[in-house]
Amino acid sequence: MMDVPKVEVPTIAIAGRTERFPVRRIFCVGQNYADHAREMGSNPDREQPFFFSKPADAVVESGAVLPFPSLTSNLHHEVELVVALGAGGTAVPVADAEGLIFGHAVGIDLTRRDLQAEAKQKGRPWDMAKGFDRSAPVGALTPGAPPASGAITLRVDGALRQDGDLSQMIWNVAEVISKLSAYVALAPGDLVFTGTPAGVGPILPGETVLAEIAGTAPVEVRFLA
Ligand code: MN
């Protein structure tokens, strides 16, 4: 009889601690900065936020060297503030949402933009465009809630591609957590990617991507040529 497999829980680093943060689920919010919503052809008129997810084992540490993802010729970078939840809840009021946060980090929502465009056009799910292997590089967590403002940037081979500010979010972090908790019961270990500022664009094989948010550890990954 085949052995029952042993499955490891994915984890991410915590700045200043040897313990690691166990990742339970990864949720992402779409088009949460007005300039990015416009560049994707949407109206950023404070439409209700929408969510999608990635598998927990899509997380990748800073310093990783990654195979270029399969089945895409238009891999895009999206730098995002990530919050990690230390507590859960359903229908969490906005005023209580920050209390669920264990820590925050900078992440990259890697996207097969060509597959996403096809999915949008055909009214199909985004899973294979967003939730593929190694699609969620995340830097080490800084304990505590994130600041409401501060630079969020992304460079490809040193060239500045995204240059935003956390204060440009349409829905702030507490509002995002509150809205998400109406759809699912949030739980410790959940990560929330909170959307990307303008300037998303392609990554080519061989390139290095560096994402930074002021006050937290950067995340850098290189793609094999
Ligand atoms: Mn995104």
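Two strands pair if DSSP finds at least two bridges between them. Strands (E, at least two residues) and helices (H or I, at least four) are DSSP runs, numbered from the N terminus. The model is predicted, so local features need pLDDT of at least 70 and side-chain atom pairs count only at pLDDT 80 or more, while totals for chains, interfaces and linings use all residues. Residues are numbered from 1 along each chain as its sequence is written, and side-chain values use heavy atoms, with hydrogens and water left out.

Select β17 (residues 208-213) and β18 (residues 219-223). The two strands run antiparallel and are joined by four bridges. L210 stands opposite E220 in β18. Five residues lie between the strands of this hairpin, where G215 takes a positive phi near 90°.

Stay on β18 and show its side chains. V219, V221 and F223 point to one face and are buried (under 20% relative accessible area, 1.4 Å probe, protein chains only).

Next, select G30, Q31, H36, E78 and K130. Of the 17 residues that line the largest cavity, these are the closest to its centre. A cavity is a set of points, on a 1 Å grid over the protein atoms alone, where a 1.4 Å probe fits but cannot get out; lining residues have an atom within 4 Å of a point. Its volume, the space filled by probe spheres set on the points, is about 100 Å³.

Finish with helix α3 (residues 113-122), which gives the largest share of that lining, three residues.

Methods. Buried means under 20% relative accessible area, exposed over 50%, partly exposed in between (1.4 Å probe, protein chains only). On a 1 Å grid over the protein atoms alone, a cavity is a set of points where a 1.4 Å probe fits but cannot get out, and a pocket is an open set with protein on both sides within 12 Å along at least five of seven lines; lining residues have an atom within 4 Å of a point.
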